[in-house]
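Hello,

I am handing over the structure we spoke about. Please look through it first; my notes follow below.

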Amino acid sequence: MDNSITASHAQGKGKEPDSVFAVLKKSKDAIAVLGKDKVINAVIGSIYDDKGKFATLPSVNEYFRQIPAEEMMDYAPIAGIPEFLEAAINYTFQDYKPENVFIRAVSTPGGTGAVRHSFFNYAEQGQKVLIPDWFWGPYRTIAEEHGIKVDTYAMFDENYTFSVSSIKQKSEELLTVQDKLVILFNTPGHNPTGYSMTEKDWAELLDFYKHCAKNKQKKIVIVLDVAYIDYVGKPSETRKFLKLLGGLPENILITIAFSMSKSFTMYGMRSGAIIGLTSSQEEADEFSRVNSYSSRGVWSNGTRGAQRLLADVMKNPVLRAKIDAERENYIQLIYHRANIFLNEATEIGLVTLPYHGGFFITVPSQDPKAAAEKLAQDNIYVVPLKKGLRFAICALPTYQIPGLATKTKAVL
Ligand SMILES: Cc1ncc(COP(=O)(O)O)c(C=O)c1O
């Protein structure tokens, strides 16, 4: 629209429908006509139980419902209830809090808000942030919404093996044309592949960034999106790499996008935090200041009830153990589903990207759109990505999984 009333920078936004919600609508339409049992809806990134019912952690639900009205309805401080901030940090690191580092947190509406603050407050306007080539679509939306461009690094080599070489190469490339590098890693249990970076990957990358940071002109911000950290195994395995994040040069900042959405099945309650790690006290104070200011200017404060819940859970070992046990059931359920799909894929020679845990499995494809459309003709709904098909095994009742890999191979 040449003559649109919309401001020029906002014109044209949203013309391309969100790929997940577009397929979800088709899937729901099919369910309305054919019924739940006849449709495979592998689209949405929330856990559904084997009866096809939205899954919650019962103890979270129960506790949440008895929080006093004033703790639920009142405003929270802009940065978040202090006890929540401490709880978010303690929950994120558990036994793996790094040393020689200042750690701060500011509440955000989910991990999304933390990614937003990381991009907007640390990338220069008009410059590029680096994200993986297999990526959660909103990273691009969040960047573009804030006047920032994205570039991608390749996660895997031609044999679909994870490799740090493209990460290093792209980082170097960007650092020659920009003084600020904001690079995002979504691990463990990456969306959409389920890949988890190893401690060895981290050690190598951190050495590389320490080397880049010798040029003090350069500022490096590593954004860690850990939305699926609780669905890839025991905390003693999944959080180990966090211990490596201390003692970095002052021109490296780590931001962690902490989310209560999956870990507490509280997706709609919109709660999380941006956690910052830096060796400089001055940077740490600046981190709290700029991110709180941004919150005030974008969404104001966070959801008080959700903050209260996390603060209380972290002080109540009995409740916490109950929640952990309930979550464990779902972790096992998702692994069980994943194994059925992956074992069948191996048997019939269907290539999948390396899956270690989390909500999704991805199958690479030359023409994902066409493949997804063919599957839809068989009432199988999956999300076509740029280079593959995403299967939300978190949402698929177990009985619908046998045969799915075979049908997928057939349409490829
Ligand atoms: C990769 C990834 N990061 C972050 C999020 C953030 O979710 P929320 O804003 O609900 O915490 C999601 C949710 O689907 C995700 O898949």
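With 412 residues, a compact globule would have a radius of gyration near 22 Å, and the protein chain agrees with that at 21 Å. The radius is taken over C-alpha atoms, and the globule rule is 2.2 Å times the number of residues to the power 0.38. The C-alpha trace spans about 60 × 55 × 55 Å along its principal axes.

This is a predicted model: local features need pLDDT of at least 70, side-chain atom pairs count only at pLDDT 80 or more, and totals for chains, interfaces and linings use all residues. Residues are numbered from 1 along each chain as its sequence is written.

The protein chain has 14 helices and 12 strands (DSSP runs numbered from the N terminus: helices are H or I, at least four residues; strands are E, at least two).

Strand 9 pairs with strand 12 (residues 388-392) over 5 bridges, and Phe-360 stands opposite Ala-392 in strand 12.

The ligand is surrounded by 13 residues, the closest being Gly-110, Gly-111, Thr-112, Ser-259 and Ser-261 (a residue is near if its C-beta atom, placed from the backbone, lies within 6 Å). Helix 5 (residues 110-122) gives the largest share of this shell, 3 residues.

Regards

Methods: Pairing = 2+ DSSP bridges.
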